[in-house]
Amino acid sequence: MSNAKASPATRLCLGAAASSVISALGLMFLWKSDTLHTTITYILATIPVSLMVFAFVKGLSLTKENTRATHRYLLRMALTMAFYLITLAVAEHFIDGRGLTGPLAAFLAFLPGLSFAGVVWVFGGLIIEESDEFYRMLYIRQGLIATGISFTLAAIWGFLETYRIVDPVAAFWWPTIWCFGLGVGAIFNKIKFGTYGEIR
């Protein structure tokens with residue numbers, strides 16, 4: 001198992017990337033739960049976008065010996081979240097704000113959903129590219145825990161909907177819960193193995 005320490009520049013880059021992902025997910029949750037007004041959400045979205053841009057530019061300057069799988073993962077995740085926020089803002093502006101309909105509206109609505117698929121592919125890339133077997137096991141376990149949480153809640157809620165006990169929820173909440181489930185999986189890893197699968 002690698003014990004190499006990340007350089008200060010690498011830690012700064014990875015901290016910005018991780019913060020951008022966390023802040024983007026938190027902002028999306030607050031906005032979709034109607035806690036924040038759309039205009040305020042757009043203004044606050046400059047924070048995760050700025051962090052994403054900083055992480056990407058800083059990441060390009062890192063030397064090749066620092067481009068470990070976890071570093072590439074956070075940079076790719078930051079770009080995916082940037083794509084999500086941008087396409088979501090465009091869809092909201094033209095579909096909800098301007099009343100756009102038809103095939104173009106369907107295409108704009110499709111793009112934010114595509115970014116969720118990107119999150120799964122980026123996490124899969126982390127597992128494939130990780131050379132340390134212990135950390136690869138941690139990431140697989142983390143992903144399985146996230147999948148178990150999201151699938152279980154989707155199945156339970158689906159049956160509650162079927163029998164009209166609860167109101168239907170938008171389908172994008174299930175991959176959103178999967179993303180938060182990755183954090184739960186990391187906590188379970190820490191409890192069982194003493195490590196979250198930290199950047200190293």
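This is a predicted model: local features need pLDDT of at least 70, side-chain atom pairs count only at pLDDT 80 or more; totals for chains, interfaces and linings use all residues.
Me: How many helices and how many strands does the secondary structure come to?
Reply: Seven helices and zero strands. From the N terminus on, the order reads α-α-α-α-α-α-α.

Me: What percentage of the residues count as buried?
Reply: The protein has 200 residues, and 37% of them count as buried. Contacts can also be sorted by separation along the chain. Among contacts with a separation of 6 or more, 76% join residues 24 or more positions apart.

Me: Why is α5 called roughly antiparallel to α6?
Reply: Start with the angle. Helix α5 covers residues 103–129 and helix α6 covers residues 133–162. They pack at about 155°, with axes 8 Å apart. Angles over 145 degrees count as roughly antiparallel. The angle of about 155° passes that cut-off, so α5 is roughly antiparallel to α6. The crossing of this pair is left-handed.

Me: Which residues of α5 and α6 meet?
Reply: From α5 come Phe123, Leu126 and Ile127. From α6 come Arg136, Tyr139, Ile140, Gln142 and Gly143. This contact divides into five nonpolar residues, two polar and one charged.

Me: What makes α5 roughly parallel to α7?
Reply: Again, the angle. α5 and helix α7, residues 173–193, pack at about 30°. Their axes lie 10 Å apart. Angles under 35 degrees count as roughly parallel. About 30° falls under that limit, so α5 is roughly parallel to α7. α5 passes α7 in a left-handed crossing.

Me: Which residues does α5 bring to α7, and which ones do they meet?
Reply: α5 brings Phe116, Val119, Val120 and Phe123. In α7 they meet Pro175, Thr176, Trp178, Cys179 and Leu182.

Me: How do you know whether Ser115 is buried or exposed?
Reply: Check its relative accessible area, which is 2%. Buried means under 20%. Ser115 lies in helix α5. Not counting residues up to four places away in sequence, Ser115 touches Thr80, Phe83 and Tyr84.

Me: Why is Met137 called partly exposed?
Reply: Met137, found in helix α6, has a relative accessibility of 29%. Buried needs under 20%, exposed needs over 50%, and partly exposed is in between. At 29%, Met137 falls in between, so it counts as partly exposed.

Me: What distance separates the C-alpha atoms of Met137 and Asn189?
Reply: They are separated by 9.8 Å. Along the chain, the two residues are 52 residues apart.

Me: What puts Asn189 in its accessibility class?
Reply: Its relative accessible area is 0%. The cut-off for buried is under 20%, so Asn189 is buried. Asn189 is found in helix α7.

Me: Which residues is Asn189 in contact with, leaving aside neighbours within four places in sequence?
Reply: Asn189 is in contact with Leu138, Arg141, Gln142, Gly194, Thr195 and Tyr196.

Conventions. Residues are numbered from 1 along each chain as its sequence is written. Side-chain values use heavy atoms; hydrogens and water are left out. Axes are lines fitted to C-alpha atoms, for helices over the stretch in contact, and angles run from 0 to 180 degrees between N-to-C directions. Helices (H or I, at least four residues) and strands (E, at least two) are DSSP runs, numbered from the N terminus. Angles under 35 degrees count as roughly parallel, over 145 as roughly antiparallel, 65 to 115 as roughly perpendicular and the rest as oblique. A crossing is left-handed if the near helix is turned anticlockwise from the far one by less than a right angle, and right-handed if clockwise. Contact means heavy atoms within 4.5 Å. Ala, Val, Leu, Ile, Met, Phe, Trp, Tyr, Cys and Pro count as nonpolar, Asp, Glu, Lys and Arg as charged, and the others, Gly among them, as polar. Buried means under 20% relative accessible area, exposed over 50%, partly exposed in between (1.4 Å probe, protein chains only).
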